[in-house]
Each structure stands twice: as C-alpha cells, then as structure tokens.
Amino acid sequence: MDYFEVIKERHSIRAYENRPIEADSLQRILEAANRAPSAGNLQAYEVYIVADEDCKRALVKAAGDQEFLAQASVALVFCAHAARSKVRYGSRGADLYCVQDATIACTFAMLAATALGLSTVWVGAFDEEAVRQIIRAPESQRPIAMLPIGYPAEVPRITRRRDLSDLVHQT
Ligand SMILES: Cc1cc2nc3c(=O)[nH]c(=O)nc-3n(C[C@H](O)[C@H](O)[C@H](O)COP(=O)(O)O)c2cc1C
C-alpha cells in the first residue's frame, strides 16, 4: 500500500479476531514508531507492549469497559516521559513536547499496522493512573494513548470529515 492508500484504508476497528499478530509485524510496527520525529530527537516517550490476558482485561476496566482491548492480539501503551524533554526544553518540553512525541509515535505505529493489513483504534479514554499501574510504569511517565492491534472482526464504520474549506484557513 502506498502512503495515501494507507491513510484511506485506516479506520477504527472495535472488534478483533482471536488470532495473534505475527512477531515480525509487531517488530515492524515498533520500528515505525521509532522512526517518528520528536522534539530535539529526544524521543520523550516510552512504549509498553501488553499481551498478557489478565493485563489486557485490566486495561478494559481502566478504559471504561472498552472490551475490544482484551480481544486485540496486543495493546501498545504510549507514555509521555516528561523528564527526557524537560532537560532541554523546560516546561514546554515537560508539558507539551513529550505528549506530542508520544502522540506522533503512536500515529506512526497505527499507520504501520494498517500498511501490514492489521487494524487498530486509538484509545484515549482511560484512567491514566490505573493504566500506569497496570503496565508498571514509573510515576514519572504519563500514559497518553493506547493502541490495540489485531485482525478485524467487523466491517469499519466509515466516518465523515469536515470540509477542507471549513478546516483550512488562509491567512
Ligand atoms: C485522541 C483520541 C482519543 C480517542 N479515544 C477513543 C476511545 O477511547 N475509544 C474509542 O473507541 N475510540 C477512540 N478514538 C477513535 C475515534 O473515535 C475515531 O478515530 C474517530 O471516530 C474517527 O473514526 P476513524 O478512526 O474510523 O476514522 C479516539 C481517537 C483519538 C484521536
């Protein structure tokens, strides 16, 4: 798939087959995330792989019963690591850049998964503290986004977007 096809083919999927994804696919997804740009190339984020069934069930609870988190083969949790960015950028690094770093990395992972024929959905609605404890991340890290990855077990709902004329502003 070329880039524009990937963008077009990516849709949120909230039901997954009970089938593991290949180790090579996961590796390629992680390598894609690692190619993401970051402020000062500091990569102020950490990625946690959740494949254990009990941990995935705990994520479901922490995310307000979003059951598909347990169905997915794995869930990646992207955490902002403020201290890594604060060293160089102070409060802008700690409050903003580390969150952007984690977000861009998650986006790269999401698009890589699509390119590999896998499905995902961005999960942002969760109890941050509960997720941090489930993945055993230190208090200095803030869970920003979760990304379940698996083979789809539903047809995606095609969502609409705002018109470009509404979204884009010529100054
Ligand atoms: C920051 C953010 C948080 C989101 N949180 C959730 C979530 O907690 N649960 C969920 O099912 N979808 C979540 N989504 C997915 C959106 O609902 C979805 O991307 C949007 O409806 C557009 O649909 P599409 O991804 O199929 O294009 C989130 C997306 C973003 C970018």
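Colleague: How many helices and strands does the protein chain have?

Modeller: The protein chain has seven helices and four strands. Helices (H or I, at least four residues) and strands (E, at least two) are DSSP runs, numbered from the N terminus. Read from that end, the elements run α-α-β-α-α-β-α-β-α-β-α. Please keep in mind that this is a predicted model, where local features need pLDDT of at least 70, side-chain atom pairs count only at pLDDT 80 or more, and totals for chains, interfaces and linings use all residues. Residues are numbered from 1 along each chain as its sequence is written, and side-chain values use heavy atoms, with hydrogens and water left out.

Colleague: What makes K56 buried or exposed?

Modeller: Buried means under 20% relative accessible area, exposed over 50%, and partly exposed in between, with a 1.4 Å probe and protein chains only. K56 has a relative accessible area of 2%, so K56 is buried. Across the protein chain, buried residues make up 43% of the 171 residues. K56 belongs to helix α3 (residues 53-62).

Colleague: Which residues does K56 touch, leaving out those up to four places away in sequence?

Modeller: Contact means heavy atoms within 4.5 Å, and on that basis K56 touches V50, A51, L69, A70, A72 and S73.

Colleague: What makes the pair of K56 and A72 a polar contact?

Modeller: A polar contact is a pair of N or O atoms within 3.5 Å; within protein, one must be able to donate a hydrogen and the other to accept it, and residues adjacent in sequence count only if both atoms are side-chain atoms. Here a polar atom of the K56 side chain lies 2.6 Å from the backbone oxygen of A72.

Colleague: How do you know whether T114 and D24 are buried or exposed?

Modeller: T114, in helix α5 (residues 82-115), has 7% relative accessibility and so counts as buried. Beyond its neighbours within four places in sequence, T114 is in contact with M1, V6, E9 and R10. D24, in helix α2 (residues 23-34), has 51% relative accessibility, so D24 counts as exposed.

Colleague: Why is Q43 called partly exposed?

Modeller: Q43 has 24% relative accessibility, so Q43 counts as partly exposed. Not counting residues up to four places away in sequence, Q43 touches N34, S38, R84 and D101. The C-alpha atoms of Q43 and A80 are separated by 9.2 Å, with the two residues 37 apart along the chain.

Colleague: What is the phi of Q43, and what is that of D65?

Modeller: Q43 has a positive phi of about 50 degrees, although Q43 is not a glycine. D65, also a residue other than glycine, has a positive phi near 65 degrees. As for its cover, D65 has 44% relative accessibility, so D65 counts as partly exposed.

Colleague: Which residues are the closest to the ligand?

Modeller: The closest are S12, R14, Q66, W122 and R161, and 13 residues surround the ligand. A residue is near a molecule if one of its heavy atoms lies within 4 Å of it.

Colleague: How is the shell around the ligand divided into nonpolar, polar and charged residues?

Modeller: The shell has five nonpolar, five polar and three charged residues. Ala, Val, Leu, Ile, Met, Phe, Trp, Tyr, Cys and Pro count as nonpolar, Asp, Glu, Lys and Arg as charged, and the others, Gly among them, as polar.

Colleague: Where do polar side-chain atoms of R10 and R161 lie?

Modeller: One of R10 lies 2.9 Å from an oxygen atom of the ligand, and one of R161 lies 2.8 Å from an oxygen atom of the ligand. Taken alone the ligand exposes 620 Å², and the protein buries 63% of that; such areas come from the Shrake-Rupley method with a 1.4 Å probe, and for residues only the protein chains shown count as cover.
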